[in-house]
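Subject: Two-chain model, handover

Hi,

Here is the structure for you to look over. My notes follow below it.

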Amino acid sequence: MSLAIPRFWREIQSRYNLIGTKCGNCGKVDFPPRAVCPVCGRKSIGKMQRFQLGGKGSVVTYTVIHDAPAQFEMQKPYVMAIIEMDEGVRLTSQLIDVKPEDVRIGMKVQASFRKLGQDGDAGVIHYGYKFRPAG
Amino acid sequence: MKSGIVSYGAYIPRYRIRPKDIGVVWGADGEAMGRGLNIRAKSVPGPDEDVITISVEAARACMAKVDLDPTEIGAIYVGSESHPYAVKPTATIVAEAISSAPVLTAADFEFACKAGTAAIQTTMGLTLSKMMKYGLAIGSDTSQGAPGDALEYSASAGGAAFLIGVDHVAAEIAHTVSFTTDTPDFWRREGQRYPSHGGRFTGEPAYFKHVLNCAQLLFKRAGTTAEDYDHAVFHQPNGKFPVRAAKQLGFKEGQIDTGLCVREIGNTYSGAIMVGLCAILDEADPGDRIFAVGYGSGAGSDGFDLTVTEEIRKIRRDATPSIKEMIADSVFLDYATYAKYRGKILMREA
């Protein structure tokens, strides 16, 4: 359990505020953040800039989870989706505030702040982004 | 120089349950209970929502209305009686989530249903004294009511955040006054899952004594009467108490209608008067005067005399859903789903 604490703590900026990186050489946006641009390689060293995604995107594809891990029993059936953010980068997230039958590919979504999980009743609670239909 | 509300934001979970659907489980006439309490439905947090997520959503809604650098916020205080951690401040997570960290002070407040208004008063002092430019005061709860208890018909979830400062003030707070005594009307002991209360004792010697005394002190301090205000909002543990208190103070129905959200979403505890105040600010015009008196069991009341300024036209009130829109965006649950979402079903350990 103690190993998970620094792991999640390191990811707080990305999970809370969608902080990624932008290559100062070619402009490519990455999420989660990268130390080196996968396109420019060593040319990007020292040029990777902190970049905050705007929180808006659309559903590329999705799946409905019926057989959930124990922590997610309360939420099933729930939707996991690959979302393309307006900045072009893709990420995987749970979709909330929508019935599985109402999800559509191409649907506009926006980030919200939710509980992602916890290390048991006495452990640390993890928070971060999930996506809901854009209002 | 006066301190006041620079921006505001609220969050109400979408899920709802009707008193009728609670009563049917416990062999009670839930509809009659709802009528008696003047509550048509109460909000229910989703299984992945708690005071931290509600506080963050309210804080983000507050910041979305203005163009302010979040690092200018010098203090974040979150008032609640349902902080997810007993030790580990909700306010630290809010600070990170709105990019205000790390150069600020933060703490969690507790005073039953008035911890959020206590946070407003604290940030007023900090900004008036120029210790900082802005302070963020949040009141938020996912209140607990024991299954079958009268509280279960009203205890709901929601929260609101107010950015307090002395520059670009959209609603000036000209006067604030508090009235506090040792009154054991409602409490929750350390380690207890559900609160306890003194039944009828929560009325006259508790809510009414504190709200009415605080309101009279505020009238005296401001040199006003009920007629001088366009809106009035009170702590709203049900839809009956604030209406009766308002009437005794000389307010008319039209003055309290906008802020009386309890009828549609139940008692959001630390969020209650603050969500009501947000509903008023959603519709207020410059020059409108607002009378606000909160209440927290234990017990105390905080009163505020506010005047809306021209700045209200400059903040983007439509950047986030209004209280009316959040109330309308609702999904009704049956009791079984409600019990599951609220963790009232004993599960195998995950």
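What percentage of the 350 residues of chain B count as buried? The figure is 60%, where buried means under 20% relative accessible area, exposed over 50% and partly exposed in between (1.4 Å probe, protein chains only).

Some ground rules. This is a predicted model, in which local features need pLDDT of at least 70, side-chain atom pairs count only at pLDDT 80 or more, and totals for chains, interfaces and linings use all residues. Residues are numbered from 1 along each chain as its sequence is written, chains are lettered from A and ligands numbered from 1 in the order in which they are written, and side-chain values use heavy atoms, with hydrogens and water left out.

Chain B

Chain B holds 12 helices and 14 strands. These are DSSP runs numbered from the N terminus: helices are H or I, at least four residues, and strands are E, at least two. The C-alpha trace spans about 55 × 50 × 35 Å along its principal axes.

The largest nonpolar core has 75 residues. Such a core is a set of buried Ala, Val, Leu, Ile, Met, Phe, Trp, Tyr and Cys residues joined through side-chain atoms within 4.5 Å. B:I76, B:L136, B:F162, B:L163, B:L281 and B:I323 touch the most other members. Helix α10 (residues 272-283) of chain B gives the largest share, eight residues. Another core, of 26 residues, lies apart from it; B:L218, B:Y229, B:V293 and B:Y295 are among its members.

Back to B:L136. Leaving aside neighbours within four places in sequence, its contacts include B:I76, B:F162 and B:L163, as well as B:A59 and B:T123.

Chain A

Chain A has two helices and eight strands. Along the sequence the pattern is α-α-β-β-β-β-β-β-β-β. Its C-alpha trace spans about 45 × 40 × 25 Å along the principal axes. Of its 135 residues, 44% count as buried. Among chain A contacts between residues at least 6 apart in sequence, 48% join residues at least 24 apart.

Best wishes

Definitions and conventions:
Contact means heavy atoms within 4.5 Å.
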